[in-house]
Amino acid sequence: MLPQVFNTRALLASIYLSTIISSAISASSSTTAELCRQLEAGLGEVVISTANDADYEALRTKNWVQTAWGTPTCIFHPSLTEQLQEAVTLLVKANVSFAVRSGGHEPHHGFANIDNGVLIDMSNFTRLDYDAERSVAVVGSGLRWGEVYTQLQAHGVIAVGGRVLDVGVPGLTLGSGLSWFTDLYGLACDNVVNMQVILANGSLVNANAKENPDLFWALKGIVTEFTLATYPLGQVWGGIKTYTTEQLPQLMDAYYEYQSADDKDPYANLIIAICPTNSSIGVLVSMVYLKPEKPAAFAPFDLINATSDSTAIKSFVDYLAEYGVPSVPRFDWHATSFKLEKSLYSEIGNIITTSPSVEAVKAVTAGLMVIILQPISSRSVEIGRASNGGNALGLEAVNQTWLSTATGWWFPDDDQTVHNAGSSMVDQFVTTATNRGDHVPYLFMNDASWDQDVIGSYGEENNKRLREIQSRYDPSFVFQRLVPGGFKLQ
């Protein structure tokens with residue numbers, strides 16, 4: 001089983017590297033530099049930053065970790081949709097590689113940055129208009145979820161979005177978008193009412209349930225703004241409880257009991273973050289109840305003594321502010337999924353504490369590994385199927401866990417070592433779940449590593465439909481050829 005997994009991953013890595021190489025030579029450096037001069041000369045007040053400009057270094061390293069940094073020939077930050085349309089037209093005509101960055105939270109090299117191409121920085125697209133009569137908000141692609149939540153909180157409403165304040169709106173939403181509201185309203189992608197999209201030919205279209213519904217289903221293109229459904233929200237009960245790693249068996253049992261309740265409360269949600277490399281961190285359980293009261297849903301955890309507890313009634317934004325991301329310069333993550341099964345959860349817990357991957361990560365400078373358990377209910381899958389024609393994810397309507405293996409470290413020389421350790425641990429999870437018949441093939445894009453076949457995990461039927469949609473909206477495969485990063489349709 002394992003050799004086949006490794007061979008598949010090696011093949012995907014080869015395809016990924018080949019894509020980067022072919023894209024990098026799609027236009028000469030002189031052609032790319034000339035295009036940057038064209039953009040600067042022809043598009044009015046648009047700012048172009050090159051290596052000679054004082055702000056270039058800060059802009060090229062704006063992505064949150066060094067693994068995502070690039071060295072673009074120029075950085076283009078438009079303020080108007082028309083400017084972006086013109087830029088895409090010029091890029092395609094000149095056969096110049098480009099990348100698009102909004103929040104820049106993806107840690108993988110080349111995904112939201114680029115070497116020797118044009119980086120399109122969407123940070124000026126900051127519109128946010130709330131329409132109380134329609135219960136929607138129009139949200140620009142330059143915004144992060146913290147900005148969205150803070151502005152909507154003043155109106156007593158919320159949109160279905162990210163669990164980390166600094167994450168950008170487009171990347172999370174186009175990657176499906178797991179949210180604290182998923183049990184109630186589905187994934188972030190299920191709550192998009194309209195997308196304003198720039199296509200590969202530079203044209204601007206709306207994509208929704210009535211206009212370009214196939215593109216809306218696929219959730220592809222350069223999105224300049226989203227219209228999102230909003231829902232009432234006041235204060236919440238929530239916070240973080242911490243435990244020791246030695247308590248993990250008890251916590252896995254409590255997690256199973258919480259997730260398997262027949263009458264599971266959709267207002268209650270949690271994630272469990274386990275740090276086997278750092279005993280001082282231990283296990284964090286971040287839990288929230290979307291009402292200002294403590295729920296019965298988390299009772300299984302009350303029986304386990306916590307080492308700290310910040311749960312209280314507070315605003316939703318204050319709750320999210322407690323949940324940060326590790327401060328390390330290099331980062332990677334891997335995804336896998338499996339069904340709800342108590343004995344499997346016990347085996348998963350054992351792998352987390354005994355895997356050789358843990359020691360491999362601990363051996364590198366500032367090595368950090370965090371395993372994150374994210375419960376997904378059959379209810380949330382069914383909501384997605386019923387919303388606006390469904391989504392492209394191919395999810396099975398069963399209770400399941402989306403697991404993320406997050407790794408951090410300090411030096412570039414350790415990149416391959418840590419990546420391989422994360423891959424190996426996920427392979428252990430996959431093998432264990434598969435042998436029991438509990439493996440779920442779906443890979444959560446927002447938590448996947450660069451060499452995982454995310455879109456392939458959506459199933460052959462959905463992949464066939466995606467290829468048909470691609471042939472209609474991008475017949476020249478612009479986003480396959482000229483955008484080296486991102487997860488590709490094989």
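A short chat about a predicted protein model follows.

Colleague: Before we start, what kind of model is this, and which residues count?
Modeller: The model is predicted: local features need pLDDT of at least 70, side-chain atom pairs count only at pLDDT 80 or more, and totals for chains, interfaces and linings use all residues. Residues are numbered from 1 along each chain as its sequence is written, and side-chain values use heavy atoms, with hydrogens and water left out.

Colleague: How many helices and strands does the protein have?
Modeller: The protein has 17 helices and 19 strands. These are DSSP runs numbered from the N terminus, with helices being H or I of at least four residues and strands being E of at least two.

Colleague: What box do the C-alpha atoms fill?
Modeller: Roughly 65 × 55 × 45 Å, taken along the principal axes.

Colleague: And what share of the residues is buried?
Modeller: Of the 490 residues, 58% count as buried. Buried means under 20% relative accessible area, exposed means over 50%, and partly exposed is in between, using a 1.4 Å probe and protein chains only.

Colleague: Now helices. At what angle do helix 2 and helix 4 cross?
Modeller: Helix 2 (residues 29-42) and helix 4 (residues 81-94) cross at roughly 155°, and their axes come within 11 Å. Axes are lines fitted to C-alpha atoms, for helices over the stretch in contact, and angles run from 0 to 180 degrees between N-to-C directions. Helix 2 and helix 4 are therefore roughly antiparallel to each other. Angles over 145 degrees count as roughly antiparallel, under 35 as roughly parallel, 65 to 115 as roughly perpendicular and the rest as oblique.

Colleague: Which residues of helix 2 and helix 4 meet?
Modeller: T31, L35, Q38 and L39 in helix 2 meet A87, L90, L91 and A94 in helix 4. Contact means heavy atoms within 4.5 Å. By class, this contact of helix 2 with helix 4 has 6 nonpolar, 2 polar and no charged residues. Ala, Val, Leu, Ile, Met, Phe, Trp, Tyr, Cys and Pro count as nonpolar, Asp, Glu, Lys and Arg as charged, and the others, Gly among them, as polar.

Colleague: What about helix 12 and helix 15, at what angle do they cross?
Modeller: Roughly 160°, with the axes of helix 12 (residues 342-354) and helix 15 coming within 10 Å. Helix 12 and helix 15 are therefore roughly antiparallel. On the helix 12 side the contact is made by L344, E347, I348, I351 and I352, and on the helix 15 side by M425, Q428, F429, T432 and A433. The residues of this contact divide into 7 nonpolar, 2 polar and 1 charged.

Colleague: While we are in helix 15, is G422 buried or exposed?
Modeller: G422, which lies in helix 15 (residues 415-435), is buried, with a relative accessible area of 0%. Leaving aside its neighbours within four places in sequence, G422 is in contact with H334 and T405.

Colleague: How about D413, buried or exposed?
Modeller: D413 counts as exposed at 74% relative accessibility, and it sits in the loop between strand 18 and helix 15.

Colleague: Back to helix 12. How does helix 9 meet it, and at what angle do they cross?
Modeller: The axes of helix 9 and helix 12 come within 9 Å and cross at roughly 145°. By class, the contact of helix 9 with helix 12 has 7 nonpolar, 3 polar and 2 charged residues.

Colleague: Where is P249?
Modeller: P249 lies in helix 9 (residues 248-259) and is exposed, with a relative accessible area of 55%. The C-alpha atoms of P249 and S346 are separated by 6.8 Å, and these residues are 97 apart along the chain.

Colleague: Last topic, phi. What is the value for L219?
Modeller: Phi of L219 is near 55°, a positive value in a residue other than glycine. Most residues other than glycine have a negative phi. L219 is found in the loop between helix 8 (213-218) and strand 10 (222-232), and L219 counts as buried at 9% relative accessibility.

Colleague: And what is phi for N388?
Modeller: Phi of N388 is near 50°, also a positive value. N388 is partly exposed, with a relative accessible area of 41%.
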